[in-house]
Amino acid sequence: MLEITNLVKNYGTKNAVDDISFSIKKGEIVGFLGPNGAGKSTTMNIITGYLSATSGTVTVGGKDIFKDPMGVKKQIGFLPEQPPLYVDMTVNEYLSFVYDLKSCRFNKKEHLKEVMEKVKVYDVRNRLIRNLSKGYRQRVGIAQAIVGNPDFIIFDEPTVGLDPVQIIEIRNLIRSLGKSHTVILSTHILSEVQAICDRVIIINEGKIVANEKTTDLNRTVGQSAKMKIKVAGPNKEVLNLLKGLQGILSVTTDGIREGDTYSYVLESTPSIDVRKIIFNALAARSWPLMGMENLEAELEDVFVKLIKSENEKGGK
Amino acid sequence: MLAIFKREMRAYFTTSIGYIFLASALVISAVIFSVTTVLDSPPTADTSLYFSGLIFVLMIFLPILTMKSFSEEKKTKTEQLLLTSPVSTTQMVLGKFFSSFVMLAIFLALSLIFIIPLTFFVPEENSGPNGALVMGNIIALLLVGMSFIAIGIFVSSLTENQFAAIVITIVTILLFFVISLFNSFISVYAIRVVLDWLSIFSRYTAFTYGVFDISALFYYISLTGVFIFLTVRVFESRKYN
């Protein structure tokens with residue numbers, strides 16, 4: 001159990017973290033979602049004892065980080081935004097150092113082997129970290145966090161700067177770690193939270209905007225689906241036709257034009273699959289459908305919706 | 001603490017900083033040794049001049065050892081690992097301190113080799129170097145070097161720039177040196193007492209004469225303690241910024 005109560009952190013006059021409270025139960029994978037500069041890293045740095053707070057409390061497994069920092073640090077594995085790697089060491093040497101640093105009490109050789117196999121760096125264990133690719137370095141960073149089997153693992157932006165294949169691998173790895181550990185990760189990518197987390201805490205300008213299950217978030221986000229289509233045909237008529245179709249909530253042109261082909265952004269009711277309807281309607285008028293793609297909901301859309309729904313709740 | 005100490009020792013010899021320190025300091029001290037003893041005219045087994053010279057060798061070369069200690073950790077963000085591990089800040093600073101101290105001890109042990117030829121090559125009526133005097137000097141150098149290391153580690157905790165760390169450390173140590181020079185020009189007794197306390201070197205002279213000064217022992221240990229404490233404070237106070 002990790003509990004944060006009324007946490008405040010000021011940098012001079014700026015409130016980086018502004019009175020946030022939440023708790024995380026054992027075995028959860030919780031995503032910390034917010035734009036850059038929202039206060040995610042600051043909060044994580046406070047939980048791990050790297051920074052102190054202006055006020056408020058953080059307790060991990062019943063121990064207070066400000067009163068018993070050692071007691072808390074023993075329970076946490078932390079991967080900061082920039083993995084803290086000594087590049088002049090080999091993977092094995094580095095992890096062995098981390099093992100000693102955390103004063104672990106396992107069979108060292110076996111434990112390190114197990115950790116390295118889990119994050120798939122066993123094959124490169126004798127290579128200097130300096131010579132590893134970014135994806136491997138990130139894995140070694142994760143390995144470092146899970147040495148000693150801490151109950152809580154905290155990842156700060158674990159997929160930033162990786163290529164798409166590496167991102168998927170790291171996400172799978174984090175999800176598998178979630179089976180045996182409580183995981184907290186921060187990200188500014190909405191789909192990442194949707195892919196990995198049980199619960200999401202959305203934070204903006206130092207305040208918690210939402211704290212809900214990922215499935216609930218999907219419902220909030222999914223109240224309408226967005227897609228982009230390209231149609232070759234007279235702009236105004238196509239627009240009117242689309243507006244009249246069943247299940248379409250709104251249509252806008254985004255002004256992009258290639259010859260006689262215009263693109264349109266549609267919002268539709270998620271309960272109806274409008275793709276067939278659109279296709280049939282356009283085919284009936286012989287206006288070729290040149291392209292169709294789903295648009296992912298973006299963090300900004302979520303914010304707008306969440307703030308809107310908060311206001312509605314407040315109004316009632 | 002042991003983990004950090006071991007890592008630092010390893011890093012000295014894999015990043016070659018340790019070899020650079022040992023090699024360059026030994027070469028320079030070998031030159032000083034030759035010039036002040038066997039090559040002196042007439043050749044002498046008196047090592048007092050050599051040991052006075054060694055203190056300047058430490059002044060210039062010890063900062064090479066300490067320049068990286070925290071500035072590099074800060075730059076590469078590895079300090080985040082140390083500061084979020086179940087290791088106290090004091091243990092972290094002491095781990096670094098002792099690794100540099102062991103390097104200093106290795107250097108001094110190796111430099112003792114110079115003394116050996118003195119017993120053979122310098123014909124003198126009072127035959128060869130004075131063992132007690134040499135030991136006294138080595139202990140004194142360990143003590144003075146210890147305070148240099150503490151100063152160096154403190155300075156490196158303030159900056160990310162290794163070059164700045166080395167320069168500021170040398171300047172700080174020189175300041176302590178200059179203070180003792182000023183002292184003879186000051187007539188106010190109270191100021192002289194204060195300056196004398198601040199001077200790392202006034203206490204060192206007694207050792208070069210072969211006098212073991214117990215108050216100097218406490219002086220160097222407490223000076224080291226002060227700078228280690230200040231380094232710990234740097235990390236503690238950074239948490240609040």
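Strands E4 and E5 of chain A run antiparallel, joined by two bridges. This is a predicted model. Thr59(A) sits across from Asp64(A) of E5(A). The hairpin these strands form has two residues between them, and Gly61(A) there has a positive phi near 55°.

On to the pairing with E1. E4, residues 55-60, also pairs with E1, residues 2-11, again within chain A; the sense is antiparallel and there are five bridges. Thr59(A) comes up here as well, as the bridge partner of Glu3(A).

Next, Glu81(A). Glu81(A) is in the loop that runs between strand E6 (76-79) and helix H3 (91-101) of chain A. Leaving out residues up to four places away in sequence, Glu81(A) touches Ser41(A), Asp156(A) and Glu157(A). With Ser41(A) there is a polar contact, side chain to side chain, at 3.3 Å. Pro158(A) is 77 residues from Glu81(A) in sequence, yet their C-alpha atoms are 7.0 Å apart.

Now the interface. How much area do chain A and chain B bury between them? About 2,500 Å², with 61% of it on carbon and sulfur atoms. On the chain A side, Tyr50(A), Tyr86(A) and Leu101(A) lose the most area to chain B, together 29% of what that side buries. Chain A puts 27 residues into the contact and chain B 26 residues.

There are two salt bridges between the chains. One of them joins Lys6(B) to Asp100(A), with the closest N and O atoms 3.7 Å apart. Seven residue pairs are in polar contact across the interface. Which element of chain A gives the most to the side that touches chain B? H3(A), with six residues. By class, that side has 14 nonpolar, six polar and seven charged residues.

Technical notes:
Residues numbered from 1 in each chain as written. Chains lettered and ligands numbered in written order. Predicted model: local features only at pLDDT ≥ 70, side-chain atom pairs only at ≥ 80, totals over all residues. Heavy atoms only, no water. Helix = DSSP H or I, 4+ residues; strand = E, 2+ residues; numbered from the N terminus. Contact = heavy atoms within 4.5 Å. Polar contact = N/O pair within 3.5 Å; in protein donor to acceptor, adjacent residues only side chain to side chain. Pairing = 2+ DSSP bridges. Buried area = accessible area lost by both parts, 1.4 Å probe. Salt bridge = Lys/Arg side-chain N within 4 Å of Asp/Glu carboxyl O. Nonpolar A, V, L, I, M, F, W, Y, C, P; charged D, E, K, R; others polar.
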